[in-house]
Protein chains: 2
Amino acid sequence: MNMVELIQKKKDGETLTREELVFFIRGVSDDTIPDYQTSALLMAICFQGLDKEETFALTDAMLASGDVIDLSALPGVKVDKHSTGGVGDKTSLIVAPLAAACGVTVAKMSGRGLGFSGGTIDKLEAIPGFRVQLSEEEFIAAVQTSGMAIIGQTADVAPADKKLYALRDVTATVDNVSLISASIMSKKLASGSQAIVLDVKCGSGAFMKTEKAARELGALMVEIGKNAGKTTVALITDMDQPLGRAVGNSLEVSEACETLQGNGPADIQELCLSLAGHMIFAGGKAQTPEEGKKMAEEALSSGAAFETLKRFVKAQGGDISVLSDPSGFKQALHSAPCIAKSDGYVSQIEADRIGLASQHLGAGRKTKDDSIDLSAGLVLEKKVGDPVKKGDTLAVLSADDPEKLKLGIQETGEAFVIGENRPEPRPLIHAVLS
Amino acid sequence: MNMVELIQKKKDGETLTREELVFFIRGVSDDTIPDYQTSALLMAICFQGLDKEETFALTDAMLASGDVIDLSALPGVKVDKHSTGGVGDKTSLIVAPLAAACGVTVAKMSGRGLGFSGGTIDKLEAIPGFRVQLSEEEFIAAVQTSGMAIIGQTADVAPADKKLYALRDVTATVDNVSLISASIMSKKLASGSQAIVLDVKCGSGAFMKTEKAARELGALMVEIGKNAGKTTVALITDMDQPLGRAVGNSLEVSEACETLQGNGPADIQELCLSLAGHMIFAGGKAQTPEEGKKMAEEALSSGAAFETLKRFVKAQGGDISVLSDPSGFKQALHSAPCIAKSDGYVSQIEADRIGLASQHLGAGRKTKDDSIDLSAGLVLEKKVGDPVKKGDTLAVLSADDPEKLKLGIQETGEAFVIGENRPEPRPLIHAVLS
């Protein structure tokens with residue numbers, strides 16, 4: 001097999017065989033295919049696409065490039081959850097304890113964030129002492145102790161995806177639905193769970209700006225999951241304004257804790273209960289997702305889910321005192337409000353600009369090697385639909401560097417759109433695909 | 001400026017600015033842009049194209065990446081000639097002496113061949129002692145001695161093109177009309193002549209399979225040349241069957257010599273006289289291309305052109321005895337005929353398969369680092385339109401290795417299509433664009 005012929009075939013709009021895609025991914029893994037040929041093929045794929053069978057084959061090949069985590073020592077149906085990411089998305093920290101409290105086994109690997117605020121692993125690192133790197137044995141033991149564990153992704157899981165993603169990022173070949181799906185699903189399939197609940201975000205703060213694009217991605221990932229024999233469901237959810245009020249690593253952990261104590265923002269509580277309901281259903285602990293959601297509500301109101309969170313954090317070495325008392329987190333040196341300049345209703349909060357503001361504050365990375373300021377971030381005091389008066393505080397921002405704070409405030413001010421009329425509310429969950 | 005943004009822009013179908021293309025070519029030249037970004041942009045260009053202004057800017061940037069040869073020490077209008085290449089294309093060896101014999105100054109740089117048989121430089125190396133590498137001073141002196149010289153391309157001419165071409169070759173991004181035009185024309189413009197006669201081939205043995213594609217390429221190259229202030233003309237000529245009868249390096253030199261002695265195949269003589277006519281006109285030595293062609297005919301019949309060839313070969317150190325007596329060339333160890341299997345007329349000789357046959361024989365390179373067997377090749381005994389009887393010799397092939405000879409004979413046999421009726425002849429010159 002010859003890589004130039006493969007590139008030419010895809011460039012001409014032909015279909016690649018399973019063998020050709022295996023050859024490609026093997027060559028990426030063992031560095032026998034040079035990056036310049038890989039990027040040429042990726043660009044050709046962006047123009048010509050991959051059909052369903054090609055996408056399945058690519059996912060399988062990427063999965064086969066590394067280890068598959070063996071979760072067989074754990075009881076019951078293991079259920080994983082994945083979010084395509086957005087601004088203020090701390091759902092994993094809430095959903096996993098909700099599901100685990102209802103008897104679902106959650107053995108989850110998460111990533112770090114690029115752009116916007118950090119990923120789940122960055123957020124967990126805001127908890128003093130929390131260990132995100134566990135050996136496979138420690139990981140299994142942690143799940144056995146608390147019903148759930150979350151660790152950073154190991155290098156051995158779908159290593160071909162790591163290389164491909166790094167290359168896509170610098171060659172403008174990120175935005176192809178098959179490449180995105182294969183990237184996400186190869187890692188999810190390698191993580192060893194039998195069921196996967198996907199949270200596919202759409203809107204200004206999401207990778208997929210439109211509901212249509214998010215549905216396309218969600219549907220393809222569900223097909224990949226089913227093709228691999230996994231129970232898979234995708235919720236298409238809203239990310240047109242930030243989720244909840246907190247954006248930034250330790251701030252989001254605090255908000256997750258408040259939510260698990262019954263004091264969270266309505267949107268995040270509602271979304272997390274729905275996601276947990278699907279996980280509980282997928283894990284065989286409820287007859288329907290609705291029954292699963294009711295069980296999650298009980299786990300929330302009884303405090304069982306918050307207790308699960310504490311057990312989980314403790315099992316991974318974290319200081320659980322900060323979960324009840326956020327003053328234990330390292331605090332940013334400076335904070336300042338972003339002030340409304342006119343009267344009216346908040347008609348829009350551009351989530352991507354809020355993400356950019358949090359990046360300005362130091363809460364997110366601009367490049368992979370940037371360090372992150374876990375205490376920096378912002379808390380929204382107004383959300384879409386809220387009435388505002390000139391001079392009201394729209395958000396409170398915090399950072400160590402006053403210059404960064406200034407940049408963040410300016411960006412936040414521009415993210416808020418104040419209109420005369422109260423806008424029609426957008427649905428929180430646009431669709432459920434299974 | 002940022003390469004990822006450039007790639008994204010072109011991917012989205014936007015127009016790149018002159019500054020962006022200069023940035024790109026500079027980065028290719030000084031290796032600040034990694035190959036994987038270059039190949040991604042090249043693939044995006046293959047899908048989205050470059051408009052005329054972008055193509056001009058790309059050509060200029062590639063030209064500016066290296067030296068421009070100074071031919072001002074030479075008298076009169078310097079005229080260059082370029083062929084897009086094909087099977088049995090030995091025209092440069094005939095056209096340059098014809099034009100030079102009529103007073104046109106021809107200071108030409110040529111390339112080596114990839115695929116099929118060798119390039120002009122490979123063919124010249126079949127002449128014992130011939131030096132294809134001259135210093136710029138030696139080059140100028142050689143032209144002053146014999147009115148013409150042909151040397152291998154130096155590394156200093158459009159070095160960015162060299163890098164880009166090497167990358168295009170291994171990333172299936174060769175076939176874009178703007179990239180091809182910019183590649184050819186940047187080198188032609190750097191070669192320092194004031195006028196350029198382009199021989200753009202079309203048909204099964206050409207890079208451009210259809211007349212339409214060849215016209216598109218020719219027209220764009222003419223525009224690039226004119227935009228750079230050069231007199232430029234493109235002849236769209238036929239390459240559906242091999243040109244002349246000889247394919248292979250020393251065999252083609254012999255055929256060129258026979259042609260200059262008035263004993264060449266009709267097609268090659270006719271095409272070379274036309275090309276030379278355009279060069280003589282472009283060089284200001286005739287009032288029209290037709291008058292130029294008449295002058296070339298006289299230079300042929302008087303023997304003046306053959307004398308020019310001998311002076312040129314001698315000035316570059318070659319053994320001129322082989323020009324009159326081909327037995328002085330190194331001879332291949334084995335030769336064998338390809339035999340007709342049925343009666344009828346030759347309705348087609350697939351030039352690309354003949355090219356492949358010559359590659360099998362060892363006359364062409366499969367990869368850039370392959371060595372070439374200068375004595376290997378084939379001579380067609382039948383051409384399209386000729387009547388054949390079963391058992392007739394279609395071609396005589398020669399090679400050092402009997403196994404290669406076998407492969408070549410099989411491929412040649414498959415290249416010949418024998419039909420019941422004499423086919424309509426294809427025109428030799430499809431169009432002249434200026």
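**Close-up views of salt bridges and interfaces**

In this predicted model, 2 salt bridges are found across the interface of chain A and chain B.

Figure 1. One salt bridge involves B:Lys11 and A:Asp175, whose closest N and O atoms are 2.3 Å apart. On the side of chain A that touches chain B, two or more residues each come from α1 (3–11), α3 (35–48) and α8 (159–169) of chain A. Of these elements, α3(A) provides the largest share, 10 residues. Sorted by class, this side of chain A comprises 11 nonpolar, 6 polar and 4 charged residues. The interface of chain A and chain B also has 9 residue pairs in polar contact, both residues being at pLDDT 80 or more.

**Figure 2. The contact of chain A and chain B is formed by 21 residues from chain A and 21 residues from chain B.** The size of an interface is often expressed as the accessible area that is lost when the parts come together. Between chain A and chain B, the buried area is about 1,700 Å², and carbon and sulfur atoms give 71% of that area. A:Lys11, A:Tyr36 and A:Phe47 together supply 36% of the area that chain A buries against chain B, more than any other three residues.

**Figure 3. Domain 2 and domain 3 of chain A bury about 2,100 Å² between them.** The assignment divides chain A into domain 1 (3–49), domain 2 (79–324) and domain 3 (331–419). For domain 2 of chain A and domain 3 of chain A, the C-alpha centres lie 24 Å apart. Their contact draws 28 residues from domain 2 of chain A and 30 residues from domain 3 of chain A. Carbon and sulfur atoms give 53% of the area buried between these two domains.

**Figure 4. A:Lys383 and A:Asp267 form a salt bridge.** In this pair, the closest N and O atoms are 2.7 Å apart. Across the interface of domain 2 of chain A and domain 3 of chain A, the rule finds 1 salt bridge. The count of residue pairs in polar contact between these domains is 11, with both residues at pLDDT 80 or more. On the side of domain 2 of chain A that touches domain 3 of chain A, at least two residues each are supplied by α6 (120–125), β6 (246–247) and α11 (249–260) of chain A. The element that gives the most to this side is α11(A), with 3 residues. By class, the residues on this side of domain 2 of chain A are 11 nonpolar, 11 polar and 6 charged.

**Figure 5. A:Lys163 and A:Asp31 meet through their side chains in a salt bridge.** The N to O distance is 3.0 Å. The pair links distant parts of the chain, with A:Lys163 in helix α8 of chain A and A:Asp31 in the loop between α2 (18–29) and α3 of chain A, 132 residues apart. A:Lys163 counts as partly exposed because its relative accessibility is 33%. A:Asp31, at 56% relative accessibility, counts as exposed.

**Figure 6. A:Lys188 forms a salt bridge with A:Asp80.** The closest N and O atoms of this pair are 3.2 Å apart. A:Lys188 lies in helix α9 (residues 177–190) of chain A and A:Asp80 in strand β1 (residues 79–83) of chain A, so that the pair links parts of the chain 108 residues apart. A:Lys188 is buried, with a relative accessible area of 4%. A:Asp80 is likewise buried, its relative accessible area being 0%.

**Figure 7. A:Glu252 and A:Lys123 form a salt bridge between two helices of chain A.** The closest N and O atoms of the pair are 2.9 Å apart. Because A:Glu252 lies in helix α11 of chain A and A:Lys123 in helix α6 of chain A, the pair ties together parts that are 129 residues apart in sequence. A:Glu252 is buried, with a relative accessible area of 0%. A:Lys123 counts as buried at 3% relative accessibility.

**Figure 8. A:Asp80, A:Lys108 and A:Lys188 are joined into one network by salt bridges that share partners.** Over all chains, the structure holds 50 salt bridges.

Conventions:
Residues are numbered from 1 along each chain as its sequence is written. Chains are lettered from A and ligands numbered from 1 in the order in which they are written. This is a predicted model: local features need pLDDT of at least 70, side-chain atom pairs count only at pLDDT 80 or more; totals for chains, interfaces and linings use all residues. Side-chain values use heavy atoms; hydrogens and water are left out. Domain bounds come from an automatic or database domain assignment. Contact means heavy atoms within 4.5 Å. Buried area is the accessible area (1.4 Å probe) that two parts lose on being put together, summed over both. A salt bridge is a side-chain nitrogen of Lys or Arg within 4 Å of a carboxyl oxygen of Asp or Glu. A polar contact is a pair of N or O atoms within 3.5 Å; within protein, one must be able to donate a hydrogen and the other to accept it, and residues adjacent in sequence count only if both atoms are side-chain atoms. Helices (H or I, at least four residues) and strands (E, at least two) are DSSP runs, numbered from the N terminus. Ala, Val, Leu, Ile, Met, Phe, Trp, Tyr, Cys and Pro count as nonpolar, Asp, Glu, Lys and Arg as charged, and the others, Gly among them, as polar. Buried means under 20% relative accessible area, exposed over 50%, partly exposed in between (1.4 Å probe, protein chains only).
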